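The entries below follow the order in which I looked things up.

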Amino acid sequence: MEQILFFAVAAIAITSAFYFVFARNPLYSILSLIVTMFSIAAMYVLLNAQFLGIVQIIVYAGAIMVLFLYILMMLNLNKADESKKQNLMKFVGVFSAGLLLIGILGAFRGFQVEAAAADVDSSVGLTKNLGRLLFNEYVLPFELASVLILAGIVSAVLIGKKDL
């Protein structure tokens with residue numbers, strides 16, 4: 001049953017990702033990307049990685065996609081701007097997509113399917129294990145990352161303020 005549900009959610013993710021790429025309206029494109037992010041979060045939950053699923057919803061589907069929608073609505077794109085794009089930029093986009101396709105095909109060439117282990121540990125991916133590992137073995141990199149984030153926040157506030 002879980003496998004059927006996983007494949008159904010994966011089909012939704014792939015369908016909405018294709019719609020994101022091929023949609024003409026940028027608003028519909030971003031909304032389909034939100035559906036993709038929610039379906040990826042559902043796949044994380046089905047794979048017993050609940051923490052990653054919640055972080056996926058909060059960070060990507062919640063914050064970043066709302067930011068994309070806000071920027072899109074502030075830009076006020078219309079069809080008159082679409083015709084002003086140069087053919088060089090379209091060529092660069094197609095060329096970049098081709099390079100990405102070559103990279104993906106090269107990655108799949110080295111991919112080997114292995115049989116799944118019969119004894120699967122159901123506690124893998126739980127928040128308890130993640131917290132234990134994060135605060136025992138990787139406490140120094142975790143604290144350094146928090147200091148870097150704090151420095152970024154302070155510098156963004158300082159840059160945003162005109163006069164102190």
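How many helices and how many strands are there in the chain? I looked this up before anything else, keeping in mind that the model is predicted, and I found 7 helices and 0 strands. Reading from the N terminus on, I noted the elements as α-α-α-α-α-α-α.

Entry on the whole chain. I checked burial next, and of the 164 residues of the chain 13% count as buried. I then looked at contacts with a separation of 6 or more, and residues 24 or more positions apart account for 56% of these.

Entry on helix H3. I found that H3 covers residues 50-75, which is 26 residues, and that it reaches 36 Å from its first C-alpha to its last, close to the 38 Å expected at 1.5 Å a residue. I also looked for a bend, and H3 has one of about 30 degrees at Gln 56. Gln 56 came up again when I listed the buried residues of H3, which are Gly 53, Gln 56, Ala 61, Met 65, Leu 69 and Leu 72.

Entry on the partner of H3. Which helix do the buried residues of H3 pack against? I found that they pack against helix H2, residues 26-46. Two packed helices are described by the angle between their axes and the distance between the axes, so I looked up both. The axes of H2 and H3 come within 8 Å and cross at roughly 175 degrees. Angles over 145 degrees count as roughly antiparallel, and therefore I wrote down H2 as roughly antiparallel to H3. On the H2 side, I noted that the residues making the contact include Pro 26, Leu 27, Ile 30, Met 37, Phe 38, Ile 40 and Val 45, while those of H3 include Gln 50, Gly 53, Gln 56, Tyr 60, Phe 68 and Met 73.

Entry on Val 9. I located Val 9 in helix H1, residues 2-22. Is Val 9 buried or exposed? Buried means under 20% relative accessible area, and Val 9 is buried because its value is 12%. Leaving out residues up to four places away in sequence, I found that Val 9 touches Ser 39, Ala 42, Met 43 and Leu 46. I also looked up the C-alpha atoms of Val 9 and Ile 40, which are separated by 7.9 Å although the two residues are 31 residues apart along the chain.

Technical notes:
Residues are numbered from 1 along each chain as its sequence is written. This is a predicted model: local features need pLDDT of at least 70, side-chain atom pairs count only at pLDDT 80 or more; totals for chains, interfaces and linings use all residues. Side-chain values use heavy atoms; hydrogens and water are left out. Helices (H or I, at least four residues) and strands (E, at least two) are DSSP runs, numbered from the N terminus. The expected span of a helix is 1.5 Å times one less than its number of residues. The bend at a residue is the angle between axes fitted to the seven residues ending there and the seven starting there. Buried means under 20% relative accessible area, exposed over 50%, partly exposed in between (1.4 Å probe, protein chains only). Contact means heavy atoms within 4.5 Å. Axes are lines fitted to C-alpha atoms, for helices over the stretch in contact, and angles run from 0 to 180 degrees between N-to-C directions. Angles under 35 degrees count as roughly parallel, over 145 as roughly antiparallel, 65 to 115 as roughly perpendicular and the rest as oblique.
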